[in-house]
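Trainee: I would like to go through the side-chain contacts of a model. Please show it first.

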Amino acid sequence: MLTARDGVEDRVAGLDSGADDYLTKPFSFAELLARLRALTRRGGIERPTELVVGDLTLDPAARRVWRGNTEIPLSPKEFALLETFMRRPGQALSRLQLIEHAWDFAYENRSNVIDVYVRYLREKVDRPFGEESLETVRGVGYRLRDG
């Protein structure tokens, strides 16, 4: 992550949200190249072509979602939010974490947008199938049950 935000909280949030590294501006080009070399030495992390949690399947490349054999049409934001949950099944995710992953890191709106989109997801991926896979974690946010 390359950013002007240099506070400890900003670095922690960036790294916790999935960044492999965090470099603040202004920066030395030599340091940037050294950090890139270090990242390439780690090797790639193999990512499955499809994410599967229970009977819920998400194909990031094709941008398609199924529960069992039934395909579920989702809006781009619903898809991004569900993908965030499916990459971290069983983990309680805060509203801020969900905003950072499904919207973008700079999104500053403190509205109930996450609550609204979780409700949309529940209406599409849970209720029609008699499932309750998206859980509210009081005081934290939401969690996708794993399995």
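The questions below concern aromatic pairing and salt bridges in this predicted model.

Trainee: Which class of aromatic pair do Tyr 117 and Tyr 120 form?

Mentor: A search of the whole structure finds one aromatic pair. Its members are Tyr 117 and Tyr 120, with ring centres 5.1 Å apart and 75° between the planes. Planes over 60 degrees apart fall in one class, so the pair of Tyr 117 and Tyr 120 is edge-to-face.

Trainee: Which helix holds both Tyr 117 and Tyr 120?

Mentor: Tyr 117 and Tyr 120 are three residues apart, about one turn of the helix. The helix covers residues 113-126 and is α5.

Trainee: Is Arg 67 buried or exposed?

Mentor: Arg 67 forms a salt bridge with Asp 55, whose relative accessible area is 35%. Arg 67 itself has a relative accessible area of 5%. Buried means under 20%, so Arg 67 is buried.

Trainee: How many residues apart in sequence are the parts tied together by Glu 78 and Lys 124?

Mentor: Glu 78 and Lys 124 form a salt bridge, with the closest N and O atoms 2.7 Å apart. Glu 78 lies in helix α3 (residues 76-86) and Lys 124 in helix α5, so the parts that the pair ties together are separated in sequence by 46 residues.

Trainee: Which residue is linked with Asp 21 and Glu 31 in a network of salt bridges?

Mentor: Side chains of opposite charge can pair when their charged atoms come close. The structure holds 12 salt bridges. In the network with Asp 21 and Glu 31, the linked residue is Arg 35.

Key: Residues numbered from 1 in each chain as written. Predicted model: local features only at pLDDT ≥ 70, side-chain atom pairs only at ≥ 80, totals over all residues. Heavy atoms only, no water. Phe/Tyr/Trp six-rings, centres within 6.5 Å; stacked < 30°, edge-to-face > 60°. Helix = DSSP H or I, 4+ residues; strand = E, 2+ residues; numbered from the N terminus. Salt bridge = Lys/Arg side-chain N within 4 Å of Asp/Glu carboxyl O. Buried < 20%, exposed > 50% of the residue type's maximum accessible area, 1.4 Å probe, protein only.
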